[in-house]
Amino acid sequence: MTQKAKNGVKSVEIAFSILDALMELDGAGSTELAAHFGMPKSTIHNYLSTLLQEELVVKEESKYHVGIRFLEYGAYARQRSNIFEIATPEVDKLADSTGELANLMVEEYGRGSYLHRARGANAVRVESHVGTRVPLHSTALGKTILANLDESRVEEILDTHGLEPVTANTITDRETLYEELETIRERGLAFDDGERIRGLRCVAAPILSNNDRILGAVSVSGPSNRVQGEYLEEELAQKLLETVNVIELNVTYA
């Protein structure tokens, strides 16, 4: 979970808030950012000039955008993950064999982060991409991870991030979520019926270490008009479990 710095550097906090705003606003000028933060335009301009100097943002006409240099940091962080290296080829095979969208997620700071996504021949396009962070309670992947964390950790995550309604189908009640997590533990699978993206269904399974520590989760997802019934609950679920079994064996004996 995120820990408040004992002697935090305010300027660093502001710089990253500006970067977050540039993503949220899909680019912005100094005047718009000044209004967004309620700060003097000259102060915002100083931050933007420094971020430009460090090649962390780019300027296109009058708007600033997050720069591609962040890909270098993200790629490095992802490559350090043992589960990424081991799971990626199996997730690719899963996408090929199902024709759907296959995903690998890990938890960090109480949110789910997509480490890898692979598209099969019939896969739909969704707005999420590698690196996207999402609320754990809103996806089959995230619910799978929550179901395999200690109860105290789950409480900590929910206390910090809450249960925001991403769609009309998102679980927003703690007791309902706890019941769902118990069901996931019993069957070893989690399902998501448009809980983060309307019209998308998903089945997910956990990747566990040999001492049952949750390492991440893998899922298969597709449009709800196609991904339903036996196809979802048996065919896709079985292929998913086979994939996870291979990943867990490779993790154990790597």
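Modeller: Start with residue classes: Ala, Val, Leu, Ile, Met, Phe, Trp, Tyr, Cys and Pro count as nonpolar, Asp, Glu, Lys and Arg as charged, and the others, Gly among them, as polar. This is a predicted model, where local features need pLDDT of at least 70, side-chain atom pairs count only at pLDDT 80 or more, and totals for chains, interfaces and linings use all residues. Residues are numbered from 1 along each chain as its sequence is written, and side-chain values use heavy atoms, with hydrogens and water left out.

Colleague: How is a pocket found, and what volume does the largest pocket have?

Modeller: Rolling a probe the size of a water molecule over the atoms shows where empty space is left. On a 1 Å grid over the protein atoms alone, a pocket is an open set of points where a 1.4 Å probe fits, with protein on both sides within 12 Å along at least five of seven lines; lining residues have an atom within 4 Å of a point. Grid points are joined across faces, edges and corners, and the volume is the space filled by probe spheres set on the points. Here the largest pocket has a volume of about 2,100 Å³. It is lined by 43 residues, and the closest to its centre are Asp20, Met23, Ser113, Gly131 and Arg133. By class, the lining of the largest pocket holds 19 nonpolar, 12 polar and 12 charged residues.

Colleague: Is Ser113 buried or exposed?

Modeller: Buried means under 20% relative accessible area, exposed over 50%, partly exposed in between (1.4 Å probe, protein chains only). Ser113 has a relative accessible area of 11%, so it is buried. Ser113 is found in strand S4 (residues 111–119). Contact means heavy atoms within 4.5 Å. Neighbours within four places in sequence aside, Ser113 is in contact with Leu104, Met105, Val106, Thr132 and Arg133.

Colleague: What lines the second largest pocket?

Modeller: Ser81, Asn82, Ile83, Val106, Arg213, Ile214, Leu215 and Val251 do. Helix H5 (82–98) and strand S8 (214–223) give two or more residues to that lining. The volume of the second largest pocket is about 170 Å³.

Colleague: Now charge pairs. How many salt bridges are there in the whole structure?

Modeller: Side chains of opposite charge can pair when their charged atoms come close. A salt bridge is a side-chain nitrogen of Lys or Arg within 4 Å of a carboxyl oxygen of Asp or Glu. A search of the whole structure finds 11. One of them joins Glu107 and Arg153, with the closest N and O atoms 2.7 Å apart. Glu107 lies in strand S3 and Arg153 in helix H7 (residues 151–161), so the pair ties together parts that are 46 residues apart in sequence.

Colleague: Which residue forms a salt bridge with Lys143?

Modeller: Glu180, with the closest N and O atoms 3.0 Å apart. Lys143 is in helix H6 and Glu180 in helix H8 (residues 174–187), 37 residues apart. Lys143 counts as buried, at 0% relative accessibility. Helix H6 (residues 140–147) is mostly covered, with 8 of its 8 residues buried.

Methods: Helices (H or I, at least four residues) and strands (E, at least two) are DSSP runs, numbered from the N terminus.
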